[in-house]
Amino acid sequence: MTHTVLAAGGINAALGTVDPEDTWQQHFVDTYRDGYGLANPHMVELLVKEAPRAITELVDYGVQFARQPDGELDQRYFGAHTYRRTCYAGDYTGRAILFALADRVEALRIPIHEQQYVSQLLVDAGLCFGALTFDLHTGQRTVYLADAVILATGGHTRLWRRSSSRRDENTGDGLDLALRAGAELADMELVQFHPTGMVTPESMAGTLVTEAVRGEGGHLCNALGERFMSKYDPERLELSTRDRVAMANYTGDHRRTRYAERRGAAGYKPSKQSHSFQLPRMYRQFLESQMLDISQKPMEVAPTAHYSMGGVVVEPDTGATQVVRLYAAGEVTSGLHGANRWVAIPGGNGSVWSANKRNRRAMRRISPRAAPFKSVIRAA
């Protein structure tokens with residue numbers, strides 16, 4: 001869950017608190033259509049049906065989602081949404097979810113073993129029974145024996161220089177572990193590039209500029225200050241699907257300079273006060289890194305490698321792989337997004353998988369024949 005903290009914009013669920021006409025069926029249509037029909041329909045249906053339950057569970061855990069004056073959860077537009085269905089906590093939703101889950105884990109006294117790098121899954125006769133790790137600081141090796149193993153390691157977008165991932169995460173390690181253990185991978189060629197990543201300074205190139213910037217009214221303009229999304233999606237403009245906005249931002253107008261072809265500038269109309277309340281992290285991010293007040297001046301952005309749509313093949317209802325007792329959830333899996341991941345889904349993906357009653361029943365059905373969870377320390 002360490003990378004969850006970077007998820008800024010929100011998490012989708014057809015709650016209808018702002019647009020009562022929204023339904024899980026419309027949520028399904030939006031998600032499946034914008035994945036170009038390549039997603040697993042059952043996975044999409046499971047996600048959109050269970051998303052409201054997952055939101056309720058997160059609220060119960062203490063996530064402070066934004067609320068309307070009447071106390072109902074607030075929801076806002078994100079790219080390609082038919083209705084407003086994104087629940088959010090400012091522009092730091094991932095951090096709010098992570099902190100609440102960490103508190104929950106602590107309350108349940110679930111042990112967390114920090115700085116352990118998994119180098120191999122332990123598999124015998126097609127059954128996974130643990131993992132081999134080493135300490136990142138000391139090199140000491142540890143064998144973890146377990147009744148079941150769940151991969152939640154993220155994708156592989158850090159293979160690109162300009163990526164929204166942190167430097168030492170999302171390098172495809174989980175995919176490698178699964179493949180060597182005997183699981184299958186699918187759709188590895190499908191990678192999403194977020195349309196708006198930072199360009200400068202170089203040390204922050206690729207850092208995410210959240211979708212909420214456009215959801216709150218930001219415009220994409222070329223070097224001459226001209227809005228260009230009307231050429232690519234006249235109806236949805238900046239709130240089009242990420243693949244269309246990223247391609248438009250990368251391609252631009254070929255009559256212009258290279259800057260106009262390859263990069264855009266997201267200019268903002270709302271007031272400085274609006275930025276401070278709705279997008280506090282983005283406002284601070286640009287102020288601290290570039291001394292740029294985004295309520296007064298446009299920010300320069302370019303596409304950045306953002307999400308791996310392909311990954312480990314899993315059974316939709318349980319997250320089970322082809323290897324017995326090996327499960328996977330989140331970005332490391334394939335099937336949910338098709339050829340284009342929809343906005344504000346990743347948090348919902350993991351949350352729905354954990355909230356799904358079938359998954360919980362499947363985990364409880366695991367035979368207790370194996371020894372209770374324990375670890376065996378080996379010399380470095």
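The structure is a predicted model, in which local features need pLDDT of at least 70, side-chain atom pairs count only at pLDDT 80 or more, and totals for chains, interfaces and linings use all residues. Residues are numbered from 1 along each chain as its sequence is written, and side-chain values use heavy atoms, with hydrogens and water left out.

**The protein as a whole**

- The protein has 11 helices and 14 strands; helices (H or I, at least four residues) and strands (E, at least two) are DSSP runs, numbered from the N terminus.
- Of the 380 residues in the protein, 51% are buried.
- The accessible surface comes to about 17,800 Å², and carbon and sulfur atoms account for 54% of it; such areas come from the Shrake-Rupley method with a 1.4 Å probe, and for residues only the protein chains shown count as cover.
- Take the contacts between residues at least 6 apart in sequence: 67% of them join residues at least 24 apart. Contact means heavy atoms within 4.5 Å.

- Trp-160 sits in the loop between strand E6 (149-151) and helix H4 (173-181).
- Together with Leu-159 and Phe-193, Trp-160 makes a nonpolar surface patch of about 290 Å².
- Patches are made of residues with over 30% relative accessible area and no salt bridge; like charges are joined within 9 Å, and nonpolar side chains (Val, Leu, Ile, Met, Phe, Trp, Tyr) within 5 Å.

**Strands side by side**

- Strand E3 (residues 116-124) pairs with E4 in the antiparallel sense, over eight bridges; two strands pair if DSSP finds at least two bridges between them.
- Within this pair, Val-118 has Thr-133 in E4 as its bridge partner.
- E3 and E4 form a hairpin with two residues between them, and Ala-125 in the turn has a positive phi of about 55°.
- Strand E8 (residues 191-198) and E11 run antiparallel and are joined by six bridges. Here Met-198 has Val-301 in E11 as its bridge partner.
- Strand E11 (residues 299-308) is largely enclosed by the rest of the structure, because nine of its 10 residues are buried.

**Nonpolar cores**

- In soluble globular proteins, nonpolar side chains tend to be buried together.
- How many residues does the largest nonpolar core have? It has 24 residues, and those with the most contacts inside it are Leu-121, Leu-151, Val-312 and Leu-326.
- Helix H2 (41-61), strand E4 (127-135), E6, H4 and strand E13 (326-328) each supply at least two residues of this core.
- Apart from this core lies another, of 18 residues, including Val-245, Leu-279, Met-282 and Val-301.
- A nonpolar core is a set of buried Ala, Val, Leu, Ile, Met, Phe, Trp, Tyr and Cys residues joined through side-chain atoms within 4.5 Å.
- Leaving aside residues up to four places away in sequence, the residues that Val-312 touches include Leu-175, Ala-178, Leu-185, Ala-328 and Val-332.

**Salt bridges**

- Side chains of opposite charge can pair when their charged atoms come close.
- The structure holds 14 salt bridges; a salt bridge is a side-chain nitrogen of Lys or Arg within 4 Å of a carboxyl oxygen of Asp or Glu.
- Asp-22 and Arg-85 form one through their side chains (2.7 Å, N to O). The pair links distant parts of the chain, 63 residues apart: Asp-22 is in the loop between strand E1 (11-12) and H1, and Arg-85 is in the loop between H2 and strand E2 (86-87).
- Asp-30 also meets Arg-85 in a salt bridge (2.9 Å, N to O). Because Asp-30 lies in helix H1 and Arg-85 in the loop between H2 and E2, this pair ties together parts that are 55 residues apart in sequence.
- Are Asp-30 and Arg-85 buried or exposed? Asp-30 counts as buried, at 0% relative accessibility, and Arg-85 counts as buried at 0% as well.
- Arg-33 forms a salt bridge with Asp-34, the closest N and O atoms being 3.3 Å apart. Arg-33 is partly exposed, at 41% relative accessibility, while Asp-34 is buried, at 6%.
- Asp-34 is part of helix H1 (residues 24-34), and its contacts include Ala-80, Arg-236 and Trp-342, not counting residues up to four places away in sequence.
- A network of salt bridges links Asp-22, Asp-30, Arg-33, Asp-34, Arg-85, Asp-233, Arg-236 and Arg-244.

Key:
Buried means under 20% relative accessible area, exposed over 50%, partly exposed in between (1.4 Å probe, protein chains only).
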